[in-house]
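Subject: Structure for you, with notes

Hello,

Here is the structure I promised. Please open it alongside this email. My notes follow below.

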Amino acid sequence: MKLADKGAIVVGGAGSIGQALVASLREKDVRVAVLDKNPESEPVTADAGILYVRTDAADDAEAGAAIATASQWLGKIDVLINCAGLIHSEPLISMVTPSRRRHSVASWETVIRSNLTATFLASLHVAEHMAANRIKGVIVNLSSVSAAGNPGQTAYSAAKAGVEAMTAVWARELGPLGIRVVAIAPGFVDTHSTHAALSEEALKEWKRRTPLGRLGTAQEIASTVLFVLENDFISGCTIRVDGGLVI
Ligand SMILES: NC(=O)c1ccc[n+]([C@@H]2O[C@H](COP(=O)([O-])OP(=O)(O)OC[C@H]3O[C@@H](n4cnc5c(N)ncnc54)[C@H](O)[C@@H]3O)[C@@H](O)[C@H]2O)c1
């Protein structure tokens, strides 16, 4: 896809990786609508060629209304990047913390909503828009190396495995319409969310286990997204950007 003047929605675009992505897309002259539940933003604002719509993308009605607003502002939607998410660590059972022995059902639901339901709903509305308007678009979903099953991350691993499964399904369902669907699975990236979710001790251990010996950068994830958008023969796969880490 030639990116200049295309219209893109970035769900979760107010986050660390999302912001790097939005900046990279703007450098390529892509018009961008950011959908994020970030409560600090105004309900709808436009600044420097970027539309911001405050929305909970895991709510069907809100996601549908926000995508309609974005679609009207962009003219048409060529690209959807599902970058909303919530990194969460919690063991299934803990024998050492009796007060939190079982994985909380509330945190399970919150993590599934942010990572899986938001991706499902945004893709549902955007795929319908692309199909109805015969747009040969691209959907990029942010997964994680945790999709392989990271001990201590039941909900997050399950959500990201679901994201990769949906990617494979949609690539087959939507490919005949010319719509490509790809997942990107980062390893551990140097973001606020990573530092908030993991102790410095745990991060040191992850760096030790990563063959390249460091965390990734948001920019390295953003450049992979651009590569996927620009290469018209990539679909249905998950691209790992993880410094060689094997979970
Ligand atoms: N940071 C990492 O190391 C890392 C590694 C692997 C995968 N990822 C994935 O990359 C994506 C971005 O991660 P990040 O580090 O930028 O995280 P982040 O927390 O900085 O950004 C996530 C954004 O998603 C938004 N969001 C969450 N739920 C939402 C919802 N229901 N509706 C609308 N917006 C919602 C948040 O408000 C936030 O702005 C996530 O899917 C994450 O799981 C991150």
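Which helix gives the largest share of the shell around the ligand? H3 does, with four residues. Bear in mind that this is a predicted model.

**Ligand shell**

The ligand is surrounded by 32 residues. Gly 12, Gly 15, Ile 17, Gly 85 and Val 189 are the closest. Three helices each supply at least two shell residues: H1 (16-27), H3 (105-132) and H5 (192-197). By class, the shell holds 14 nonpolar and 14 polar residues, plus four charged ones.

**The sheet**

Eight strands form an open sheet with mixed pairing. Their order is S3-S4-S2-S1-S5-S6-S7-S8. S3 (44-47) and S8 (238-241) are the edge strands, each pairing on one side only. From one strand to the next, the twist averages 15°.

Two helices to look at here are H3 and H4. H3 packs on the sheet and touches S1 (7-11), S5 (79-82) and S6 (138-142). The direction of H3 makes about 175° with that of S5. H4 (residues 154-174) also packs on the sheet, touching S6, S7 (180-186) and S8. Its direction makes about 160° with that of S7.

Now the pairings. Strands of a sheet pair through backbone hydrogen bonds, either parallel or antiparallel. In this model:

- S2 (residues 31-36) and S4 (residues 50-54) run parallel, joined by five bridges. Leu 35 stands opposite Val 53 in S4.
- S1 and S5 pair in the parallel sense over four bridges. Ala 8 has Val 79 in S5 as its bridge partner.
- S5 and S6 also pair in the parallel sense, over four bridges. Here Val 79 stands opposite Val 138 in S6.
- S6 and S7 run parallel, joined by five bridges. Ile 139 stands opposite Val 181 in S7.

**Buried strands**

Is S7 enclosed or open? S7 is largely enclosed by the rest of the structure, because seven of its seven residues are buried. Arg 180, Val 182, Ile 184 and Pro 186 point one way. Val 181, Ala 183 and Ala 185 point the other way. Note that Arg 180 is among the buried residues.

S5 is covered on both faces. Val 79 and Ile 81 are buried on one side, and Leu 80 and Asn 82 are buried on the other.

**Nonpolar core**

In soluble globular proteins, nonpolar side chains tend to be buried together. The largest nonpolar core in this model has 67 residues. Ile 9, Val 10, Val 11, Leu 21 and Ile 81 touch the most other members. H3 gives the most to this core, with eight residues.

Take Ile 81 in detail. Leaving aside neighbours within four places in sequence, Ile 81 is in contact with Ala 8, Val 10, Val 11, Leu 21, Val 140 and Val 225.

Glu 62 sits in H2 (residues 60-74).

Best wishes

Definitions and conventions:
Residues are numbered from 1 along each chain as its sequence is written. This is a predicted model: local features need pLDDT of at least 70, side-chain atom pairs count only at pLDDT 80 or more; totals for chains, interfaces and linings use all residues. A residue is near a molecule or strand if its C-beta atom, placed from the backbone, lies within 6 Å of it. Ala, Val, Leu, Ile, Met, Phe, Trp, Tyr, Cys and Pro count as nonpolar, Asp, Glu, Lys and Arg as charged, and the others, Gly among them, as polar. Two strands pair if DSSP finds at least two bridges between them. Axes are lines fitted to C-alpha atoms, for helices over the stretch in contact, and angles run from 0 to 180 degrees between N-to-C directions. Two residues are in contact if their C-beta atoms, placed from the backbone, lie within 7 Å. A nonpolar core is a set of buried Ala, Val, Leu, Ile, Met, Phe, Trp, Tyr and Cys residues joined through C-beta atoms within 7 Å. A residue is buried if 20 or more other C-beta atoms lie within 10 Å of its own, exposed if 12 or fewer, and partly exposed in between; C-beta atoms are placed from the backbone.
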